[in-house]
Amino acid sequence: ITPEELSFTQRAISQSEALKYEVGLQKLSFMKQIIDYNLDKDFTVKQSEILSKITADEIRTLANKYLPL
């Protein structure tokens, strides 16, 4: 992954997150995920922090570990 690809992906995910919960059913689905997976109330904050701090090298390492090549 190039730095440009990483930057684009980070922006795209961040912007799409803002639109995910505009409709009542989307909010309900979001709350169901929190309950089903026993997530912390601030998991979206933690998720955003991880996304903003992850490096291209970390993504390569994770891809090599979890994706069949």
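Reply: The side chain of Gln 10 reaches the backbone oxygen of Leu 51 at 2.7 Å. This is a polar contact, that is, a pair of N or O atoms within 3.5 Å; within protein, one must be able to donate a hydrogen and the other to accept it, and residues adjacent in sequence count only if both atoms are side-chain atoms. The model is predicted: local features need pLDDT of at least 70, side-chain atom pairs count only at pLDDT 80 or more, and totals for chains, interfaces and linings use all residues. Residues are numbered from 1 along each chain as its sequence is written, and side-chain values use heavy atoms, with hydrogens and water left out.

Gln 10 belongs to helix α1 (residues 3-19); helices (H or I, at least four residues) and strands (E, at least two) are DSSP runs, numbered from the N terminus. With a relative accessible area of 17%, Gln 10 is buried, where buried means under 20% relative accessible area, exposed over 50%, and partly exposed in between (1.4 Å probe, protein chains only). Apart from neighbours within four places in sequence, Gln 10 is in contact (heavy atoms within 4.5 Å) with Leu 51, Ser 52 and Ile 54.

A polar atom of its side chain lies 2.8 Å from the backbone nitrogen of Thr 55. Glu 58 has 41% relative accessibility and therefore counts as partly exposed. Its C-alpha atom is separated by 25 Å from that of Tyr 37, 21 residues away along the chain.

The aromatic rings come next. A search of the whole structure finds 1 aromatic pair, for which rings of Phe, Tyr and Trp (its six-membered ring) must have centres within 6.5 Å; planes under 30 degrees apart count as stacked, over 60 as edge-to-face and the rest as tilted. The pair is formed by Phe 30 and Phe 43 and is stacked, at 5.8 Å centre to centre with 25 degrees between the planes. Because Phe 30 lies in helix α2 and Phe 43 in helix α3 (residues 43-53), the pair ties together parts that are 13 residues apart in sequence. Both Phe 30 and Phe 43 are buried.

Helix α2 (residues 24-36) has 13 residues and should span 18 Å at 1.5 Å a residue, which agrees with the 18 Å between its end C-alpha atoms; the expected span is 1.5 Å times one less than the number of residues. Just after α2, Asn 38 takes a positive phi of about 50 degrees.

Side chains of opposite charge can pair when their charged atoms come close. The count here comes to 4 salt bridges, each being a side-chain nitrogen of Lys or Arg within 4 Å of a carboxyl oxygen of Asp or Glu. One of them joins Lys 32 to Asp 36, with the closest N and O atoms 2.5 Å apart. These two residues both lie in helix α2, 4 residues apart, about one turn of the helix. Lys 32 is partly exposed at 49% relative accessibility, as is Asp 36 at 47%.

Lys 46 forms a salt bridge with Asp 40, the closest N and O atoms being 2.7 Å apart, and another with Asp 42, at 3.7 Å. Lys 46 is partly exposed at 36%, Asp 40 is partly exposed at 43%, and Asp 42 is partly exposed at 36%.
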